[in-house]
Each structure stands twice: as C-alpha cells, then as structure tokens.
Amino acid sequence: MDLIYTNKNREDVGVLKDYTFDLAFGTDENDFELTLDVNNHCCEPSCIIYVDGTEYGGIVDKINVVTKDGKLVYKGRTWHGVLGSKIITPNEYKYEAYLTMSGDANEVIGKVLDRVGLTDLFEVPAESSGLTISSYSFDRYTDVYSGIVKMLATVSAKPKLTFKSGKVVISACPIVDYSQDEQFDSDQVEMTIEQAHNTVNHLICLGKGELEERQVVHLYVDGNGNVSENQTFTGLQEVSSVYDYSSVESLDELKKSGTEKLKEYANADKVQMNFNSEETAYDVGDIVGAKEIITGIFAKQKITKKIVTITQGLVNIQYKVGE
C-alpha cells in the first residue's frame, strides 16, 4: 500500500517511507496526522497525501516540528474534512429559506459540489446511483459533509469516498445492515447497550403563531416505525411529548422536522463499543449489532467513526459505534 504525496499543484512527487499515518473520519474530527523523521521532510502546505483506490487521504494544512525527538508532523483535513469545511447556503438572493434539490443521489451530490466550488478535486460517478432524492431540503447553513450524510440517510444510503486518477470520487451507496447476519457479543468486545421500550409515539408539534392561531400537527409512530397523522397506540400504550418549533417557516417544514424528531424517539436503542476489524471493510453509516450474553439483550446502531492507522504500509482500523 503506497502512500503518495504531491506538490501544491497536486502533481505526484513520490512515495512516503518510514511514516505513521493516522486518520479519523465520521461524526467528528475528520482530520489526519502524518508523522515521520524530520530528516525526511518532503511535503509542502496544500499538497495532498493519498492511497490510491481508498478513502485514505487529505490536504496538508499544518506542519509541526518537534525538535525534542526529531519528529515532523503534517496535519490536515481528510477528504471528509474538506467537505466539512464548505457550507451549503440557500439561494439568499431569491430569499429562499432552504436549498431544495431532487434527482438521482449522485446527480444531487454533483450539484452540491459544483455549488460550493469543489469540482476541481471532487467528482461523482458518471453512472446513476439508482437512489432517488425527492425535494430534499438541506438544513440552513449546514456543512457539505453533514448535509450529504443526512440527505442520503433519507434513502438508507451513505457517501463512499474513493481517490481515483487524481480525483476524490463520491458515490451514493446503500447502507449495509450487518446485524442481520453477524453480531458482536460481550465475550468479544466491551460494550454498553441500552434497549429502549415505551418510547414517545405521539408527538405534538407546535409551529409559529399564538394561542388558537398557532400551528399544531399531531404525529404518530406505529409498531413498524412508520410516522403518520394516524394514531396507533392509545391508553397506557400512548406516550406523548411536545415539540416546540416556533421559528418554523411553513407547515410542511414543521411536519418534516417533527417526523425526524419522532423517529429519533422511536430509534432510541443505544450501543457504545469500539472494535477492530481487518476482515470486513465497514463504512461509516453501516449498521452493526451487539448482544450481551447473560441477559440476551440485543441492539443495533450505526458506525459513527472510523480511525485508521497506517504504519509502513500496514493498516489497522478501529470502529466506533454510538455517539
């Protein structure tokens, strides 16, 4: 596995030797540190470092020299961090509250990249993803990485980043639920599991307005996790809560935001664990399951962070599940 570095014009210069390359990406961090002997100094600010055909790479933003032990550390943003440093804005000149897009998921991602000026380094595949985005409204002033992740989650998908032929290719790919066929148990890894029952299933959403003129929407979730305005649970089975969103712009936005909030209540099982895997290449956003042996309690959650360490071409990957 060759770790290649370029000049600031992204022209390949050489292959790094005798290094440790630490990357983290997912819900936070999205940065890297490349450590090597100070005598092997070779990179310049704004150059890129990458492993071709993988998601491992980024842009050098800082150079840190530790004279005590003669180490040199290049620091920067991973590809995910570069996306995170750009903001999706609504069409302010049209006085629009939200940027709304529709189309094939890859096509929509491509439009976002073009909008924020990242097409010099990033691109989407020529072929369609087969995943359709319908009138998705991005959160106001969200960063590109978070916006794409949240958008794709509405169609059970994730962004997959791969460096190929001088470009970072972003593909919309279905989320893989590994909990259906395999699961981690408490004999394998340390974990914390919280299995939630009797969660909120009736959400009273309050929008703009005062007293009897205030917008009010009642949303309900059924036993399969579907949200609608039709009530399923009543009596002692009904668990209600109020969602106050007085700054909302429209009734449709109140319903959309309320639906997201109610789904959060419904999907309240929690799993926290760290594990290493060299056999399966999981992605951030994929789902894994965990089971405590004595109680038999089972829950599943998304992988939220991936931590990669490459030393002399050898790769170690650690995954974090849960917030």
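Predicted model: local features only at pLDDT ≥ 70, side-chain atom pairs only at ≥ 80, totals over all residues.
Trainee: What box do the C-alpha atoms fill?

Mentor: Taken along the principal axes, the box is roughly 70 × 60 × 40 Å.

Trainee: And what share of the residues is buried?

Mentor: Of the 323 residues in the chain, 43% are buried. The chain exposes about 17000 Å², and carbon and sulfur atoms supply 45% of that area.

Trainee: Which share of the contacts joins residues at least 24 apart?

Mentor: The figure is 62%, counted among contacts between residues at least 6 apart in sequence.

Trainee: Let us turn to the strands. How do strand 1 and strand 2 pair?

Mentor: Strand 1, residues 4-6, and strand 2, residues 12-15, are antiparallel and share three bridges. Within that pairing, Ile-4 has Val-15 of strand 2 as its bridge partner. The two strands form a hairpin with five residues between them, and Arg-10 in the turn has a positive phi of about 65°.

Trainee: Which order do the strands take in the open sheet of four?

Mentor: The order is 19-18-17-20, and the pairing is mixed. Strand 19 (227-228) and strand 20 (240-244) are at the edges with a single partner strand each, so one side of each has no neighbour in the sheet.

Trainee: What joins strand 18 to strand 19?

Mentor: Strand 18, residues 216-221, runs antiparallel to strand 19, and two bridges join them. Val-221 has Val-227 of strand 19 as its bridge partner.

Trainee: New topic: how many salt bridges does the count give?

Mentor: The count comes to 17 salt bridges. As a general point, side chains of opposite charge can pair when their charged atoms come close.

Trainee: Where do Glu-107 and Lys-111 lie?

Mentor: Both are in helix 2, residues 105-115, and they are four residues apart, about one turn of the helix. Glu-107 and Lys-111 form a salt bridge in which the closest N and O atoms are 3.6 Å apart. Glu-107 is partly exposed at 42% relative accessible area, and Lys-111 is also partly exposed, at 40%.

Trainee: What about Asp-286, which residue does it form a salt bridge with?

Mentor: Asp-286 forms a salt bridge with Lys-158, and their closest N and O atoms are 2.7 Å apart. This pair links distant parts of the chain, 128 residues apart: Asp-286 is in the loop between strand 21 (270-276) and strand 22, while Lys-158 is in strand 13 (residues 157-164).

Trainee: Is Asp-286 buried or exposed?

Mentor: Asp-286 is buried, with a relative accessible area of 0%. Lys-158 counts as buried as well, at 5%.

Trainee: And which parts does the pair of Lys-300 and Asp-177 tie together?

Mentor: Lys-300 is in strand 23 and Asp-177 is in the loop between strand 14 (167-174) and strand 15 (184-185), so the pair ties together parts 123 residues apart in sequence. The closest N and O atoms of this salt bridge are 3.0 Å apart. Lys-300 is partly exposed at 37%, and Asp-177 is partly exposed at 23%.

Trainee: Which residues are linked in a network of salt bridges?

Mentor: Asp-139, Lys-150, Lys-256 and Glu-260 are linked in that way.

Trainee: Now the cysteines. How many disulfides are counted?

Mentor: The count is zero.

Trainee: Finally, the surface. Which residues make the nonpolar patch?

Mentor: Val-38, Ile-63 and Val-65 make a nonpolar surface patch of about 200 Å². Val-38 is in the loop between strand 4 (31-37) and strand 5 (48-50), and Val-38 is partly exposed at 33%.

Trainee: Where does Thr-295 lie?

Mentor: Thr-295 is in the loop between strand 22 (287-291) and strand 23 (298-311). Its relative accessibility is 52%, and Thr-295 therefore counts as exposed. The C-alpha atoms of Thr-295 and Asp-244 are separated by 38 Å, with the two residues 51 apart along the chain.

Definitions and conventions:
Residues numbered from 1 in each chain as written. Heavy atoms only, no water. Patch = residues over 30% accessible without salt bridge, like charges linked within 9 Å, V, L, I, M, F, W, Y side chains within 5 Å. Areas by Shrake-Rupley, 256 points an atom, 1.4 Å probe, with all protein chains shown as cover. Salt bridge = Lys/Arg side-chain N within 4 Å of Asp/Glu carboxyl O. Buried < 20%, exposed > 50% of the residue type's maximum accessible area, 1.4 Å probe, protein only. Disulfide = S-S within 2.5 Å. Pairing = 2+ DSSP bridges. Contact = heavy atoms within 4.5 Å.
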